[in-house]
Amino acid sequence: MTKKAEGYAQAYAELQKILEALDQGEIDVDELSEKVKRAAELIDFCQKRLRDTELQVKRVMQKLEKTVEEEKE
C-alpha cells in the first residue's frame, strides 16, 4: 500500500529527498523500483494540487472581476 501525501509541501520535500538519494547513489537496486514508483506518485500529486489551486485562483479572480464590474454599473 502506498503512503498518501498530506500536502504539497510534504510531497515536494519527500520527492526532493528521493531525488537527492538517487543522485548520490544511496538507493540500491532492490529499492530503486519502489522509490521511482513513489516519486511518480508524488509528482502526480503535486501536479494535481497545482492544477486545482490554479483553477481555484482563476475562479476567485473571475468572481472579483464580476463584482468590480457590477459596482461600476
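**Close-up views of a predicted model**

**View 1. Glu-41 and Arg-38 sit three residues apart in helix H2, about one turn of the helix.** In this predicted model, their side chains meet in a salt bridge, at 3.3 Å from N to O. Glu-41 is partly exposed, with a relative accessible area of 23%, whereas Arg-38 is buried at 11%.

**View 2. Arg-38 also forms a salt bridge with Glu-14.** Here the closest N and O atoms are 2.8 Å apart. Glu-14 belongs to helix H1 and Arg-38 to helix H2, so this pair ties together parts that are 24 residues apart in sequence.

**View 3. Lys-48 and Asp-52 form another of the four salt bridges found in the whole structure.** Their closest N and O atoms are 2.8 Å apart. The two residues are four apart in helix H2, so about one helical turn separates them. Both partners are partly exposed: Lys-48 has a relative accessible area of 45%, and Asp-52 has 31%. Back at Arg-38, salt bridges that share partners join Glu-14, Arg-38 and Glu-41 into one network.

**View 4. Six residues make up the largest nonpolar core.** Look for Ala-11, Leu-15, Ile-18, Ala-39, Leu-42 and Cys-46. Helix H1 (8-23) and helix H2 (29-72) each contribute at least two residues to this core.

**View 5. Glu-65, Glu-69, Glu-70, Glu-71 and Glu-73 form a negative surface patch.** Glu-73 lies in the segment after H2. Its relative accessibility is 80%, so Glu-73 counts as exposed.

Methods:
Residues numbered from 1 in each chain as written. Predicted model: local features only at pLDDT ≥ 70, side-chain atom pairs only at ≥ 80, totals over all residues. Heavy atoms only, no water. Core = buried A, V, L, I, M, F, W, Y, C linked by side-chain atoms within 4.5 Å. Buried < 20%, exposed > 50% of the residue type's maximum accessible area, 1.4 Å probe, protein only. Patch = residues over 30% accessible without salt bridge, like charges linked within 9 Å, V, L, I, M, F, W, Y side chains within 5 Å. Areas by Shrake-Rupley, 256 points an atom, 1.4 Å probe, with all protein chains shown as cover. Lys, Arg positive; Asp, Glu negative; His and termini not counted. Charge placed at Lys NZ, Arg CZ, Asp CG, Glu CD.
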